[in-house]
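Visitor: I am new to this structure. Please show it, and then take me through some of its parts.

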Amino acid sequence: MAINTLLQHGLTGISLGGAYALIAIGYTMVYGILRLINFAHGDIFMMAGYFMIFAIASFPWYVAVPIVLIATILLGVLIERVAYKPLRSAPRMSIMISAIGVSYLLQNLATYLFTALPRGYPSIPFLKKIFQIGELSASLVTIITPVLTLVLVYLLILLINHSKIGMAMRAVSKDFETSQLMGIKINQVISVTFVVGSLLAAIGSILYFTDRMTVFPFSGMLPGLKCFVAAVLGGIGSIPGAVIGGFILGLGETALVAMGYSTFSDAFTFAILIVMLLFRPTGLFGEKVTDKV
Amino acid sequence: MKKLDQKTKIILSVALVVVAILGLSYLDANRSDYSYALSILERSAIYAVVAVAMNLLTGFTGLFSLGQAGFMAIGAYTVAILTIPVESRAAVYYINGIADGLANAYLPLWAALILAGIFAAFMGLLIGYPVLRLKSDYLAIATLGFSEIIRAFIAAPQLDRITNGSYGLKSIPGFPSTFMVFGVSALCILLMVMILRSSYGRAFKAIREDETAAEAMGINLSKHKQMAFVISCFFTGVSGGMLAVYMRSIDSKSFQIGLTFDILLIVVLGGIGSVTGSVFGAFLMTAGREWLRFFDNPLVVGGFSVPLFRSGFRMVIFSLILMAVVLYYRKGLMGTREFSWDGIYNFLRKHLYLRWRKPSGEEVKRDV
Amino acid sequence: MSDTVLNLTDVTMQFGGVIAVNNLSMEVRPGEIVAIIGPNGAGKTTAFNVITGVYAPTNGEVSFHGETIISNHPQGKMTKLYAGEHLGKYDKVIQKTPDRITKMGIARTFQNIRLFKDLTVFENVLIAKHMNMRAGLFSATCMLNHNEEKEMRQQSMELLEILDLADTKDEISSSLPYGKQRRLEIARAMATNPSLLLLDEPAAGMNPQETNDLTAFIHRLKEEFHLTVLMIEHHMNLVMEISDRIYVLDFGKLIATGTPGEIQNNQHVIDAYLGVDEDGH
């Protein structure tokens, strides 16, 4: 394989990985705080894709993008309020089933509202601009994705390490009950978590779908699960871990496709997950927890 | 709580079975009129088996596994490959041909179903060894992943000569008789009930309740978890095999994650930890989808076309109902209780008889 | 060696920076009632968890009737220490799982009651009989082991009668009052046919009447069922009345051992309980 082809694939991989990383952060944050695999997160990401289609139909892109971000955030927070909050004291399995139910509902709702046929994703002209670097060619979105991901993650880490709400989030993820007793407003912390997660999912969706060009009701499902795997890979609860996990998966998947094993690209993700869970269940950056008897 | 005597219960149970058989015979005899109803009932029975199998794992052993679709796929492909008539195989595998060893491998349906179960169970054994060490949600996501891996292998071009890759398998002969579907399903469920009622079933429940305490009672956790997993996989495989025969043609897309979620929702609807609940849930959910079908058609009331009613609305309503169950009626239909004649009797007494007699006062006091 | 039932040698259990049990050695002889006492957080329950295989100790050895059930002597940087006369003696880590240890004859109750909450009282005891079942899955499913099942049920029923729980047999175990739940835990532990019974604060939350009954019952365990008992208890009257010997732990360390009389007059113990600072003032 020529060096150029290799670089070209590398670039695609990093770009895909960046989008995965943004979604994975949503999973890792919610899991860190609620110990819940938010199965609906992938579908929130899918809905953000549809929001964009409709927003861009009536507004220029610089108005449409904020609308999409806000709508996605509202959706994420709404789901938390309606489907997860009432189950806070329920067994973990119930809340997980509720998440699966929400995912099912969103998929059916999307099928009903927008039909099951794939819809073309609007292309924001400047994102699609092709750059030519030597022999490599890439659209702006391919280059912008990893950069934007890193910038956002940096900002997020600043927020978590240096703000009051960030401190509260860290406390809640360490010990839910104790922090509640210490007077931390749990519901507020959870809402902020969902706001941040949904915001990043919306940005991820713009980057991801601009590359993929179509949206359909099930297009959130597999990417969603993959991003959860990325979060586990990096160590659930760890934001840098989720980012690195996202990049590993993006690169690995692109490599498999390049080698002609595209049928196995989904299976690869889960194979990595299982190997990881067996040999290092806490992920690359996770902390060890001991059960008390 | 008043109880019926043993004899009455046996008579009632026999009566129920006889009524069910007569009803089915009637439907079967008038097949041309009732083929739609029969096909719904058949699908329900098949789903009931896999739902009970999932419940055995989730509701009785406390292991949350989401690998059902994958194990059903193994069963379905086993049955399909072994029962497609030898003479039509060339036509089914017209693109890449069939693997030499399989060209003439044929088994009668019952044997193929057992083999389907065994293959799925064997796969469960291999997979169970590593993943059963994981805890709750990690187990769920790992089994979900395995089911996707199995699907990827089925669709892989490298296995074209066995699974026919993305073209799927067609021309699977149907059931020789409707009674076979219900007979096999009933047998599978009965076997699972017997397992749950045995000492092993009690050990599974102990693991669900408290792993540490179960271990302190001398129950070998990994052995019993493995056992529950393999049993569940076996019956999931059998029901997958039946699903292949029911559908007549299958491909890897028939076994997506959505199928697992459907089964999960049946289990939730029926009650996690109730076998009869899962059976009711399977019939209710499969039939409910059909009942709600009118939501999919435009509705015109007095010349005015009601908005919202169009294709897809049915599934939205359906998922809303399920969410309502999950959120407000978490125990599902049955909770962890089982159907029993005593239960029915007391229910009727409480709601009809007592209300009837209350004004006189005396009757009520006597058995309080 | 084999005239002891249980033998702990240099057991240390460390969680991160906390040393919960520090170099503990103790022994329990056949037919004895031995108590472990000490302030909260002294590592008593941790010691139980090591003995029953729930935690793997950082270092040390546990043997039961002379057979080593747990042995861990960290290798690597400590290899040199074990070289020479002990060469090859400590190179194996033995860690039997809790269910194996229960099968060998150690049964336990839990400090924070761990019954099978949604199951009936009878089922709770019956489950403990499962481990000795001879029938395999197939014959159990097809009910071919009718006699065995009957025997299991009968033995479980007898235990419930001994512990005076027979009338509550069909109740859901979590609906029992606290004292009865503790008794049910003992019944369940005894259903595993142990030779050594570990009781973790059996009298906690009991009223004086129940505590007296329990005291009498523990005596019965020794006299009638020939069980050896190792228990953790805070209730001093009970401990002093029935123990043959007492071990006192403080901050994971053994600070005293002896008969109830010796312990009552031991200055270290008094200091530990009254909270005198390290240098004895």
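Predicted model: local features only at pLDDT ≥ 70, side-chain atom pairs only at ≥ 80, totals over all residues.

Visitor: Which helix gives the most to the side of domain 1 of chain C that touches domain 2 of chain C?

Guide: Seven residues of domain 1 of chain C are in contact (C-beta atoms, placed from the backbone, within 7 Å) with six residues of domain 2 of chain C. Helices (H or I, at least four residues) and strands (E, at least two) are DSSP runs numbered from the N terminus. With three residues, the one that gives the most to the domain 1 side is helix H3 (residues 98–104) of chain C.

Visitor: Why do strand E2 (18–28) and strand E6 (94–95) of chain C each have one side without a neighbour in the sheet?

Guide: Strands pair if DSSP finds at least two bridges between them. Five strands of chain C form an open antiparallel sheet in the order E2-E1-E4-E5-E6. E2(C) and E6(C) lack a neighbour on one side because each stands at an edge, with a single partner strand.

Visitor: Which residue stands opposite C:Ile70?

Guide: Strand E5 (residues 67–72) of chain C is joined to E6(C) by two bridges, and the two run antiparallel. The residue of E6(C) opposite C:Ile70 is C:Gln95.

Visitor: How many bridges join E10(C) to strand E11 (residues 253–258) of chain C?

Guide: Strand E10 (residues 245–250) of chain C has five of its six residues buried (20 or more other C-beta atoms, placed from the backbone, within 10 Å of the residue's own). Four bridges join E10(C) to strand E3 (residues 33–37) of chain C, in parallel. With E11(C), E10(C) runs antiparallel, and the number of bridges is five.

Visitor: Which helix supplies the largest share of the side of chain A that touches chain B?

Guide: On the two sides, 32 residues of chain A are in contact with 33 residues of chain B. Helix H4 (92–114), helix H9 (221–234) and helix H11 (265–279) of chain A each supply at least two residues of the chain A side. The largest share, 15 residues, comes from H4(A).

How values were computed. Residues numbered from 1 in each chain as written. Chains lettered and ligands numbered in written order. Buried ≥ 20, exposed ≤ 12 C-beta atoms within 10 Å, placed from the backbone.
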